[in-house]
Amino acid sequence: MTSSSDSTAAPAAPATPKAAAKDPWDLPDVSGLVVGVLGGTGEQGRGLAYRLAKAGQQVIIGSRAADRARDAAGEIGHGVEGADNAECARRSDVVIVAVPWDGHAKTLESLREELAGKLVVDCVNPLGFDKKGAYALKPEEGSAAEQAAALLPDSRVAAAFHHLSAVLLQDTSLEEIDTDVMVLGEERADVELVQALAGRIPGMRGVFAGRLRNAHQVESLVANLISVNRRYKAHAGLRVTDI
Ligand SMILES: NC(=O)c1ccc[n+]([C@@H]2O[C@H](COP(=O)([O-])OP(=O)(O)OC[C@H]3O[C@@H](n4cnc5c(N)ncnc54)[C@H](OP(=O)(O)O)[C@@H]3O)[C@@H](O)[C@H]2O)c1
């Protein structure tokens with residue numbers, strides 16, 4: 001038996017110095033990236049485009065009709081450009097998907113080539129509505145984000161911006177949007193890029209919230225927020241505490 005005081009024992013190998021843990025709030029500089037918004041003529045797309053462009057990001061909104069996108073871009077201002085969805089995807093580094101769930105699969109399938117090599121950020125909430133209010137749908141792939149990943153094998157897919165109120169985003173009297181943004185994805189670098197993008201909007205913070213297999217809960221939670229909004233006549237957002 002050897003003990004630490006045994007002089008014949010081989011000297012212990014020097015411990016390899018442990019790399020210092022990375023600060024999770026140390027996020028990349030995304031100010032030079034072009035952000036595209038598919039369905040950017042809609043409520044959510046306009047709101048995100050306005051906030052990101054106001055923060056200094058170059059933004060292109062997409063539409064099924066280029067004219068509609070150009071008109072909406074002119075209304076948003078802050079240098080936002082408009083194009084058809086294909087050109088929007090082609091010219092952007094990061095592409096936010098802000099089309100209704102009904103058009104989600106068809107839109108992405110038709111843009112597979114243009115979206116190849118891009119970071120695609122899905123903010124689509126598959127919801128149904130009936131007399132009782134909003135409820136979560138169950139996409140075959142698990143979530144809208146996982147459907148996007150399945151349809152876009154040559155893109156990197158993340159999910160974020162689900163819980164934002166388009167009304168607040170578009171309210172030009174508000175300087176800040178007081179909320180956290182849950183960001184999901186498979187690659188840390190992609191998630192951090194989206195967190196950084198969210199963080200460009202004053203008041204907003206991007207928080208890592210898991211891999212895409214957990215996107216369903218995040219998308220579904222919007223049904224709960226809609227219930228909150230209806231009861232309290234509000235535009236509720238979320239804050240993650242203790243981080
Ligand atoms: N509204 C919110 O507060 C909010 C918040 C978080 C997330 N979201 C999500 O964001 C997405 C967009 O919501 P929204 O309220 O902005 O919707 P929206 O205004 O109804 O639609 C957005 C745009 O999508 C395009 N579009 C409509 N039907 C389409 C189809 N079948 N195929 C392809 N494009 C179509 C339209 O643009 P063109 O006609 O110009 O092509 C429309 O302006 C939804 O998936 C929603 O779950 C919304």
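**Pockets, ligand surroundings and local features of the predicted model**

Helix α9 supplies the largest share of the lining of the largest pocket, namely five residues, where helices (H or I, at least four residues) and strands (E, at least two) are DSSP runs numbered from the N terminus. The model is a predicted one, in which local features require a pLDDT of at least 70 and side-chain atom pairs are counted only at pLDDT 80 or more, while totals for chains, interfaces and linings use all residues. Residues are numbered from 1 along each chain as its sequence is written, and side-chain values use heavy atoms, with hydrogens and water left out.

The chain contains nine helices and ten strands, and its C-alpha atoms fill a box of roughly 85 × 40 × 40 Å, taken along the principal axes. Of its 243 residues, 47% are buried, a term that stands for a relative accessible area under 20%, with exposed meaning over 50% and partly exposed the range in between (1.4 Å probe, protein chains only). Among the contacts in the chain with a separation of 6 or more, 72% are between residues 24 or more positions apart, a contact being a pair with heavy atoms within 4.5 Å.

The largest pocket holds about 600 Å³ of space. Grid points are joined across faces, edges and corners, and the volume is the space filled by probe spheres set on the points. The lining of the largest pocket is made up of 25 residues, of which Asn125, Leu127, Leu164, Val222 and Ile226 lie nearest its centre. Two or more lining residues come from each of α1 (43-54), α4 (101-110), β6 (127-130), α7 (166-170) and α9 (215-232). By class, this lining comprises 14 nonpolar, eight polar and three charged residues, where Ala, Val, Leu, Ile, Met, Phe, Trp, Tyr, Cys and Pro count as nonpolar, Asp, Glu, Lys and Arg as charged, and the others, Gly among them, as polar.

For the second largest pocket the volume is about 430 Å³, and 23 residues line it, with Arg64, Asn85, Val99, Pro100 and Thr107 nearest its centre. The elements α1, β2 (58-63), α3 (85-91) and α4 each give two or more residues to this lining, and the largest share, four residues, comes from α4. Here the lining divides into seven nonpolar, eleven polar and five charged residues.

The ligand is surrounded by 21 residues, the closest being Thr41, Ser63, Arg64, Arg68 and Val99; a residue is taken to be near a molecule or strand if one of its heavy atoms lies within 4 Å of it. A side-chain N or O atom of Ser63 is 2.5 Å from an oxygen atom of the ligand, a polar side-chain atom of Arg68 is 2.8 Å from a ligand oxygen atom, and a polar backbone atom of Asn125 is 3.0 Å from an oxygen atom of the ligand.

Helix α6 (residues 144-151) is mostly covered, six of its eight residues being buried. These are Ala144, Ala145, Glu146, Gln147, Ala148 and Leu151, and the buried residues of α6 pack against α4, α5 (112-115), β5 (119-122), β8 (156-159) and α9. In helix α8 (residues 188-199), Gln195 counts as buried because its relative accessibility is 5%. Apart from neighbours within four places in sequence, Gln195 is in contact with Pro24, Trp25, Leu27, Val183, Gly206, Val207 and Phe208.

The loop between α2 (66-76) and β3 (81-84) contains His78, which has a positive phi of about 55 degrees although it is not a glycine, and which is partly exposed, with a relative accessible area of 45%. Gly77 is also placed in the loop between α2 and β3 and is partly exposed, its relative accessible area being 22%. The C-alpha atoms of Gly77 and Ala53 are 8.3 Å apart in space, although 24 residues separate the pair in sequence. A positive phi, near 50 degrees, is likewise found for Lys233, a residue other than glycine. Lys233 lies in the segment after α9 and counts as exposed, at 74% relative accessibility.

Key
On a 1 Å grid over the protein atoms alone, a cavity is a set of points where a 1.4 Å probe fits but cannot get out, and a pocket is an open set with protein on both sides within 12 Å along at least five of seven lines; lining residues have an atom within 4 Å of a point. A polar contact is a pair of N or O atoms within 3.5 Å; within protein, one must be able to donate a hydrogen and the other to accept it, and residues adjacent in sequence count only if both atoms are side-chain atoms.
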